[in-house]
Amino acid sequence: MTWFEKLAIVVFMVLFMECFAWAAHRYVMHGWGWGWHKSHHEDHEGWFEKNDLYAVVFAIVPIVLFVVGLWWEPLWWAALGITVYGGIYAFVHDMLVHQRGGFRWVPKQGYFKRLLQAHRLHHAVEGKDGTVSHGFLFARKPAVLKAQLRANADPQRRAVRADKAGNLVSADAKK
């Protein structure tokens, strides 16, 4: 394999993992897997929470891919892409957002501030329903997420649409 093919696989897998993480967070963790994820939305004592079991389970896939990748190289590079995503996730979610491990930086502007705001808005809802921002690397504008939260909370405003700028507005706003 050429270095370009290897890099392309790694980059593709990082992007794929963001899509997978969004779907898993939205439909598993805030669905039938809420029993583990609930611990992440509640105060807890100690370093670990039950939600960390997801990391253990999800780590099985790249481990298997690394092993099988010894015989078929593209799988090894796919496993590396998943691992890179895991490292990014650990930094953004665990260290930056939740300040685990003594990390104490609060960004004042730019991309990391937007990620932090999006995740805090995700945690603004009690319970598993009505949450926003289920991804980790791509975050919508805070104003859009706040409008979506308001729409989720008010049954009269649940029908929302996006305007040309991508902002959520009430479906009856034109009336």
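Trp36 is partly exposed, with a relative accessible area of 30%. Here buried means under 20% relative accessible area, exposed means over 50%, and partly exposed lies in between (1.4 Å probe, protein chains only). The model is predicted, so local features need pLDDT of at least 70 and side-chain atom pairs count only at pLDDT 80 or more, while totals for chains, interfaces and linings use all residues. Residues are numbered from 1 along each chain as its sequence is written, and side-chain values use heavy atoms, with hydrogens and water left out.

The protein chain holds six helices and two strands. Helices (H or I, at least four residues) and strands (E, at least two) are DSSP runs, numbered from the N terminus. Along the sequence the pattern is α-α-α-α-α-α-β-β. The chain has 175 residues, and 35% of them are buried.

Aromatic pairs were then examined. A pair of aromatic rings is described by the distance of the centres and the angle of the planes. Rings of Phe, Tyr and Trp (its six-membered ring) pair if their centres lie within 6.5 Å; planes under 30 degrees apart count as stacked, over 60 as edge-to-face and the rest as tilted. By this rule there are 13 aromatic pairs. Trp36 and Tyr54 form one of them: the ring centres are 5.1 Å apart and the planes stand at 70°, so the pair is edge-to-face. This pair links distant parts of the chain, with Trp36 in helix H2 (residues 34-37) and Tyr54 in helix H3, 18 residues apart. Tyr54 is buried, at a relative accessible area of 8%.

Phe91 and Phe112 also form an edge-to-face pair, with 5.9 Å centre to centre and 85° between the planes. Phe91 lies in helix H4 and Phe112 in helix H5 (residues 110-122), 21 residues apart, and the pair links distant parts of the chain. Phe91 counts as partly exposed at 26% relative accessibility. Phe112 is partly exposed too, with a relative accessible area of 28%. Ring pairs also link Phe12, Phe16, Phe20, Trp36, Tyr54 and Phe58 into a cluster.

A cavity is a set of points where a 1.4 Å probe fits but cannot get out; a pocket is an open set with protein on both sides within 12 Å along at least five of seven lines; lining residues have an atom within 4 Å of a point. Grid points are joined across faces, edges and corners, and a volume is the space filled by probe spheres set on the points.

The largest pocket holds about 750 Å³ of space. Its lining has 32 residues, of which Tyr54, Ala55, Phe58, Gly86 and Tyr89 are the closest to its centre. Helices H1 (3-32), H3 (53-68) and H4 (73-97) each supply at least two lining residues. H4 gives the largest share, nine residues. The lining of the largest pocket divides into 20 nonpolar, nine polar and three charged residues. In this count Ala, Val, Leu, Ile, Met, Phe, Trp, Tyr, Cys and Pro are nonpolar, Asp, Glu, Lys and Arg are charged, and the others, Gly among them, are polar.

The second largest pocket holds about 230 Å³. Its lining includes Ser39, His40, Trp47, His98, Gln99 and Arg100. By class, this lining has one nonpolar, seven polar and four charged residues. Gln99 has a positive phi of about 50° although it is not a glycine. Gln99 sits in the loop between H4 and H5 and is partly exposed, with a relative accessible area of 22%.

One cavity of 30 Å³ or more is found in the whole structure. The largest cavity holds about 80 Å³ of space. Among the residues lining the largest cavity are Val92, His93, Leu115, His119, Ser133 and Phe136. H4 and H5 each supply at least two residues of this lining. Seven lining residues are nonpolar, four are polar and none is charged. Ser133 is not a glycine, yet has a positive phi of about 55°. Ser133 lies in the loop between H5 and H6 and counts as buried at 13% relative accessibility.

Helix H6 (residues 142-153) has 12 residues. In H6, the buried residues include Pro142, Val144, Leu145 and Leu149.

Conventions. The expected span of a helix is 1.5 Å times one less than its number of residues.
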